[in-house]
Amino acid sequence: MALTYQQLLTAVPVVLDAGNVPNIVGDAGIGKSALVREIAANLNAALFTTVVSLSEKGDLAIPVPPLTSESFVETKNYGRLANVQFGYSETLISIIKYAEAHPNQPIIWFLDEFNRGTQAVQSELMNLVLQRKINSLRLPSTVRIIIAENPDSTMTGFTDREYGVATGDAAIKDRTVRLVMTSSTAEWLKWAKTAGINDLVSAYLTQYPEQLLVIDPNNEDLAPTPRAWERVSRNLDQLQALDQKIQKELAADIFSGDLGDEVGVAFAQFVLAQGQELTVAILKDAKDGKEQFENADEATKIQVLRSWLSPKLASEEEAALFIKYLQLVSEDGQYAIVQTVGEDFIDLLQAMYEQAIKHPQGSVAQLYQYFAEVATRGDNQ
């Protein structure tokens, strides 16, 4: 069970209005912080954020004295600072002062990366989340708390996750409402139209929607996330202002720095190929068609060969050329293409079979046999 960004825009306020604490659980980079910012804006609420993973033990546990003018130090160049002798949290100061100045305006205190804080820090925050007080301090009634966590392997549906988290206390699980956040490429692309996301990023994710968020338990390095694609978009905006030669030199490394090597290189190839898109016509007619095909990313190879599937492959000339390109695709890619043939092109298979009966040594017969070998390859392993 999981909710998309747009669904959570409704679900989280429902939980808040019920007097409960939403606990938004989602993978890193999926958009939890952006979600909370939009919710705060929709509720006309002041937003204060504490990144729990960056908090130290004692940040919140020291009693807060009355807010008097003597509690602060005025500096000439660096603004107004809390006197260190009082030792209380900057965020709590800001929240309380804001509540006093705006008694009727809602406030959201967002405790981000809650379970990436140490057990000691989580314990200090327990009373704030569950009882709305810490020592002698009570949170103003206008303050509503939202927490966010990265998933851990004890959570249903996330047994393969390996984030560096401290498993939450049972009381937190029992007293907060867990709302699992999932990605939706369709929603993200709709948002991208109004967010200034580079058109090539949107075009790529329209073509390969599964690459918005890639979770691979066997890969602990970089991988695509919605937040990473935002950074890629900004980098691409700057890269496109440079000479084409420099773009070719830098693109793969820059994009891989956000997306990981596999997707980063594939996206770089996609960007650099604009204006010279690979088509069936190029594969058939261009002198460098084979070279362009070999230099294309795997997803593009699969896509262009799928677009080639038609009754024309039952002709000797087309079949001879198609099998040469098919053999340049990875085994997994070949299987994906043959699976498409079996699911969507039964008439093509029938036509190829009839031609193979007539000319058992011909190219169509060879391609038909190759399709059969690929389709059963996994059965022989």
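Trainee: Where is threonine 176 found?
Mentor: Threonine 176 is part of strand β9, residues 176–180. Helices (H or I, at least four residues) and strands (E, at least two) are DSSP runs, numbered from the N terminus. Keep in mind that this is a predicted model, where local features need pLDDT of at least 70, side-chain atom pairs count only at pLDDT 80 or more, and totals for chains, interfaces and linings use all residues. Residues are numbered from 1 along each chain as its sequence is written, and side-chain values use heavy atoms, with hydrogens and water left out.

Trainee: Is threonine 176 buried or exposed?
Mentor: Buried means under 20% relative accessible area, exposed over 50%, and partly exposed in between (1.4 Å probe, protein chains only). Threonine 176 has a relative accessible area of 10%, so it is buried.

Trainee: Which residues does threonine 176 touch?
Mentor: A contact means heavy atoms within 4.5 Å. Leaving aside residues up to four places away in sequence, threonine 176 touches Val21, Asn23, Val129 and Ile147.

Trainee: How do these ideas look for the whole protein?
Mentor: Its secondary structure comes to 17 helices and 9 strands. Of its 381 residues, 43% count as buried. Among contacts with a separation of 6 or more, 69% are between residues 24 or more positions apart. The accessible surface, computed by the Shrake-Rupley method with a 1.4 Å probe (for residues, only the protein chains shown count as cover), comes to about 20,500 Å², and 49% of that belongs to carbon and sulfur atoms.

Trainee: Now for charged pairs. How many salt bridges does a search of the whole structure find?
Mentor: Side chains of opposite charge can pair when their charged atoms come close. The criterion for a salt bridge is a side-chain nitrogen of Lys or Arg within 4 Å of a carboxyl oxygen of Asp or Glu. The search finds 4 salt bridges. In one of them, the side chains of arginine 144 and aspartate 17 meet at 3.0 Å, N to O. Arginine 144 lies in strand β8 (residues 143–149) and aspartate 17 in helix α1, so the pair ties together parts that are 127 residues apart in sequence. Aspartate 17 is exposed, with a relative accessible area of 61%.

Trainee: Which residue forms a salt bridge with aspartate 258?
Mentor: Arginine 231 does, and the closest N and O atoms are 2.6 Å apart. This pair links distant parts of the chain, with aspartate 258 in helix α9 and arginine 231 in helix α8 (residues 226–239), 27 residues apart. Aspartate 258 is buried at a relative accessible area of 9%, whereas arginine 231 is partly exposed at 31%.

Trainee: And where do glutamate 294 and lysine 290 lie?
Mentor: Both lie in helix α12, 4 residues apart, which is about one turn of the helix. Glutamate 294 is partly exposed at a relative accessible area of 39%, and lysine 290 is partly exposed at 46%.

Trainee: Which residues of helix α14 are buried?
Mentor: In α14, residues 316–326, the buried ones are Glu318, Ala319, Phe322, Ile323, Tyr325 and Leu326. They cover an arc of only 160 degrees around the axis, so they are on the same side of α14; the arc is that of the directions from the helix axis to the C-beta atoms. Glu317 and Lys324, on the other side of α14, are exposed.

Trainee: What covers the buried residues of α14?
Mentor: The cover includes α11 (280–285), α12 (289–295), α13 (298–308), α15 (331–344) and α17 (363–375).
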